[in-house]
Amino acid sequence: MGMKRTALVVLLMVTAAMVVTAAPAGALGASSAAALSASDVAADFNNDGVADLAVGVPGENGNAGAVNVLYGAGGGLSGTGAQVFTQVGGTPEVGDSFGWELAAGDFDNDGFADLAAGAPFEAVGSARGAGAVSVLYGSAGGVTAVGGRLFTQVGGTVEAGDLFGFALAAGDFNANGSDDLAAGAPREQVGSLIQAGAVSVLPGSAAGLTATGGRLLTQVGGTVEVRDQFGAQLATGDFDDNGAADLAAAAPTEAVGSIFEAGAVSVVNGSGGGLAGGRLFTQNSPGVPGTAEFLDHFGGAGPPEAG
């Protein structure tokens with residue numbers, strides 16, 4: 001059941017990477033949220049055998065954000081029994097952009113899909129735009145805020161402008177039956193390298209997602225550099241057919257040699273021990289069609305900051 005559900009999420013996450021529109025030139029602020037398309041995600045939140053749909057509304061109420069959930073039935077989706085959620089585990093605030101990005105997975109391995117919703121412009125303490133992710137669990141009655149939790153970046157320092165939760169993807173990276181969650185923070189500073197980007201991985205368990213054992217990943221297979229914005233887009237899939245989901249993470253403003261913002265994608269391999277190893281792909285990689293060129297932004301529909 002876990003890997004079957006993961007396969008569904010994989011398709012949706014790849015689709016999400018194509019749905020998010022390109023960022024305008026200059027710094028992207030919370031005021032831009034309404035102009036961007038948040039990812040929508042389908043999963044069976046009430047385990048009735050029919051897919052349901054969660055729709056992000058990041059521009060709701062002054063960009064505080066919201067998520068609508070519509071339930072599937074034999075006659076298709078309808079507004080009957082539909083729900084609306086705002087951020088859980090914290091205070092909804094103007095400019096948070098809750099629902100900017102969504103991902104679904106069975107994080108507690110109970111047969112009900114659960115929902116993760118990013119609020120990348122959320123302030124964490126005095127750190128504006130640090131970002132947060134709310135997790136709401138599925139049940140026989142559908143998505144519920146009961147037991148919901150708010151997560152901030154794991155494995156690193158929470159800083160202003162990190163944009164944690166800008167991208168999300170779910171998959172069972174250690175093949176233990178519970179889906180895990182990857183959350184991109186594309187403006188994370190790595191050492192002295194501003195906006196190099198990082199991805200937090202929160203493990204799933206019988207009790208749901210937890211920060212315990214969480215990890216922070218930076219780009220694999222290449223040099224971490226200023227403004228790579230690693231983690232701006234994420235996708236999961238069992239690319240090597242070993243029973244564990246793998247993680248693809250884009251760095252759309254990565255330089256390829258001297259080619260500015262050509263873009264690259266890191267693929268980190270899943271296994272019984274979790275994510276490890278991996279390689280970097282660009283349009284100059286053997287067998288990949290095309291040629292890396294200035295401002296191609298390979299791996300992303302648009303970085304969180306362009307120009």
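1. Residues are numbered from 1 along each chain as its sequence is written, and side-chain values use heavy atoms, with hydrogens and water left out. Because the model is predicted, local features need pLDDT of at least 70 and side-chain atom pairs count only at pLDDT 80 or more, while totals for chains, interfaces and linings use all residues.

2. Strand β2 (residues 52-57) has a covered face made of D52, A54 and G56, and an uncovered face made of L53, V55 and V57; strands here are DSSP runs of E with at least two residues, numbered from the N terminus. Strand β1 (residues 40-43) pairs with β2 in the antiparallel sense over four bridges, where pairing requires that DSSP finds at least two bridges between two strands. D40 stands opposite V55 in β2.

3. Strand β3 (residues 66-71) runs antiparallel to β2 and is joined to β2 by five bridges, and the bridge partner of L53 in β3 is L70.

4. F260 lies in the loop between β14 (246-251) and β15 (264-269). F260 is partly exposed, because its relative accessible area is 43%, a value between the limits for buried (under 20%) and exposed (over 50%), with a 1.4 Å probe and protein chains only.
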